[in-house]
Amino acid sequence: MKGFVGAFQLNNNGFSINNLNFSGLLNKGAFFTNDCFALFNVDKQASVYTSISATIKYAGWVRLDNITEITTKLALNPETPTDEIVIEAYLKWGKNCVTHFIGDFSFVIFDETAKKLFLAKDQIGIRPLFYIEYKGILIFSTHIPLIKDILPEQPVISELYVSYELRNLIPPIESTFFSDIYRLEPAHYIIVSADGHLEKECYWTLAPIELPEFTDDEDYYELIRQTLKEAISCRAKHKQQIGCQLSGGLDSSAITVLLSRLLPKQQLHTYSFILDDETRPYSNNGLDERRTQEEIIRYAGLIPENHHFITKFHYKDAFEELDTRNAVMGGVASNDSYWQDTLFKQAGESEKVEVMFSGFPGDEGISASAYNYFHEYLYTKDWRGIFTYLSKFRIKGLYRIFNYLRYSMIGTTSPSFNAIQKERNLLQSGSSFSKVQPYIPFEFYTSFKEWLKNRMLATHIPLRVESELLYANQYNIEMVYPLADIRLLQLVYSLPVRLFAPIPLTRALFRNTCRGILPENVRQQSKRNGAKTLAFIDYILAIRKKELENYQIKNTLNLLVSEKDYLKRKFSNTMVKIKRLNMIKEIDYLIEQNLKHK
């Protein structure tokens, strides 16, 4: 398992870092001073890294994709270990070192001489990093459970955070299940000075880059292809056994094919969730994407035996699942990706996979449907673009322009959202948290570029990838997301908007990019077949309902709607009703587990 945990004394108020519980970490790679600082690297094969000057102490969970560029700037050997590169970059550029890094990273640097602490996180928020200020001490870690273990007492549960989950809303990105444990936001760093002053800054945001003005759109597609290939290649470098989640969609299929052209075939394993004879009767349409998955395996010339099907979870029951979620995520977690745990377990234990590729978050960026690309024409008053748009879409185009004007007045693209949320709301009626609204769901953006930027940097993305990474980390697997590569995001964000026009099919930008990558029947396939990423989700929901049937809700925090009141509601979707009923009991169980005193 990779990651780190540590503590930094902010003030001398009588409580020192020696009062923290480090007993479970003393056999790990560590640096410890009695006066102000402790740092433990939880990777058994790594230790806290000390610079040549011996004044810098470092631990990190880092993968850099532009090592050649950075080592050239630093006059280092390209084979220099990543940890040393990070330290040398910090010594040369200070806090601005992060602006030179492309990759996934969270790390901590302690300057022992200046007694200054530097914590940093990558631009998209792939690698986790949490912190809490406790009695004059800053405790930080890549894992919330490690913070819980170190603290002398159980941290206080955030009722506000729980209320977001109960209302089916994504909480603010910095918040967690515990009131005083915070998540360092993507593209941020923290500097803590010797006097205990804490400074947090954002160092990056998505901005357009200068691109050539090609007369032939195919040149843009080729530029995207080359950037995509590089994003995949750098993440596969130096790995022997590589896995890829193959759902059968465009994103994961394209990544699988491109990996097949980079690697010896025996090194690549693919994983898919499918239905079997037991789970198919529970599915409302009995569909999975096995046919497309197998088509990709044939087209890429991969070894059929290296394509692995996941048909069930490995948990013996709902309570083992919940205990695992608590052990990995530390309690209730928005976008908890426990549903990937079985896939990681098989890949890590059976195939010894070192790195797992995912097609997420393609839908949020390069393969977005982008029906609303014409918003940019209206926003910039590009009359020629508007005329071209109307000539292509005619009556549908006029209707969409009408909706643009309507949505701009009401501020949302989903007027029915409140009704849906009312149906799914698990928060007790009359709760003081019921009126807290951190954002406008499905907010309307007058500019397509602004919509695309907010979609690419949406809050749910770092929450989900962070969770997947932590589950994979149990089995020493590194999760990678080439479609979240900031070079690719910057490129796509800077393209002429006409390339997003959904002609003849939606997701046109990615479909056109995938010419020569995907077989034509897959490249042009419809995405409205009703198949689900977790094919057997309906089976899982039904089984969990039975397993939780006798669980008695405690509702200690007095936040949950009663099961009796919940069952009185009318639902448009039976499976949503079951899912939300299960969630009442799951959240209650996790709350109870975290209310226990040490």
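**Helices, strands and salt bridges: a working chat**

Trainee: Which residue follows α5, and what is its phi?

Mentor: α5 is followed by His238, and the phi of His238 is positive, near 70°. Helices (H or I, at least four residues) and strands (E, at least two) are DSSP runs, and they are numbered from the N terminus. This is a predicted model, in which local features need pLDDT of at least 70 and side-chain atom pairs count only at pLDDT 80 or more, while totals for chains, interfaces and linings use all residues. Residues are numbered from 1 along each chain as its sequence is written, and side-chain values use heavy atoms, with hydrogens and water left out.

Trainee: How many residues does helix α5 have, and what does it reach from its first C-alpha to its last?

Mentor: Helix α5 covers residues 217–236, which is 20 residues, and it reaches 29 Å from its first C-alpha to its last, close to the 28 Å expected at 1.5 Å a residue. The expected span of a helix is 1.5 Å times one less than its number of residues.

Trainee: What happens at the start of α5?

Mentor: There, a side-chain oxygen of Asp216 comes to within 3.0 Å of the backbone nitrogen of Glu218.

Trainee: And which residues of α5 are buried?

Mentor: Among them are Tyr220, Tyr221, Ile224, Leu228 and Ile232, and the list also includes Arg225 and Arg235. Buried means under 20% relative accessible area and exposed means over 50%, with partly exposed in between (1.4 Å probe, protein chains only).

Trainee: Now α14: how many of its residues are buried?

Mentor: In α14, 14 of its 14 residues are buried, and the helix is mostly covered. Its 14 residues (460–473) should span 20 Å at 1.5 Å a residue, and since the end C-alpha atoms are 20 Å apart, the expectation agrees with the model.

Trainee: Could we pick a residue there? What does Ser467 touch?

Mentor: Ser467 is found in helix α14, and it counts as buried because its relative accessibility is 0%. Leaving aside residues up to four places away in sequence, Ser467 touches Met329, Asn335, Asp336 and Ser337, where contact means heavy atoms within 4.5 Å. Ser467 and Asn326 are 141 residues apart in sequence, and their C-alpha atoms are 12 Å apart in space.

Trainee: Changing topic, how many salt bridges does the count come to?

Mentor: The count comes to 37 salt bridges, each being a side-chain nitrogen of Lys or Arg within 4 Å of a carboxyl oxygen of Asp or Glu. Side chains of opposite charge can pair when their charged atoms come close.

Trainee: Which residue forms a salt bridge with Asp276?

Mentor: That partner is Lys312, with the closest N and O atoms 2.6 Å apart. Asp276 lies in the loop between β14 (268–273) and α7 (290–300) and Lys312 in the loop between β15 (307–310) and α8 (318–329), so the pair ties together parts that are 36 residues apart in sequence. Asp276 counts as buried at 18% relative accessibility, whereas Lys312 is partly exposed at 23%.

Trainee: Which helix do Glu349 and Lys345 lie in?

Mentor: Glu349 and Lys345 both lie in helix α9 (residues 341–349), four residues apart, about one turn of the helix, and their side chains meet in a salt bridge of 3.2 Å, N to O.

Trainee: Last topic: why is strand β1 largely enclosed?

Mentor: Six of the six residues of strand β1 (residues 4–9) are buried, so the rest of the structure largely encloses it. Phe4, Gly6 and Phe8 are on one side and Val5, Ala7 and Gln9 on the other, and both faces are covered.

Trainee: How many bridges join β1 to strand β3, and which way do they run?

Mentor: Five bridges join β1 to strand β3 (residues 37–41), and the two run antiparallel, with Ala7 standing opposite Ala38 in β3. β1 and strand β9 (residues 137–141) also pair in the antiparallel sense over five bridges, and there Phe8 stands opposite Leu138. Two strands pair if DSSP finds at least two bridges between them.

Methods:
A polar contact is a pair of N or O atoms within 3.5 Å; within protein, one must be able to donate a hydrogen and the other to accept it, and residues adjacent in sequence count only if both atoms are side-chain atoms.
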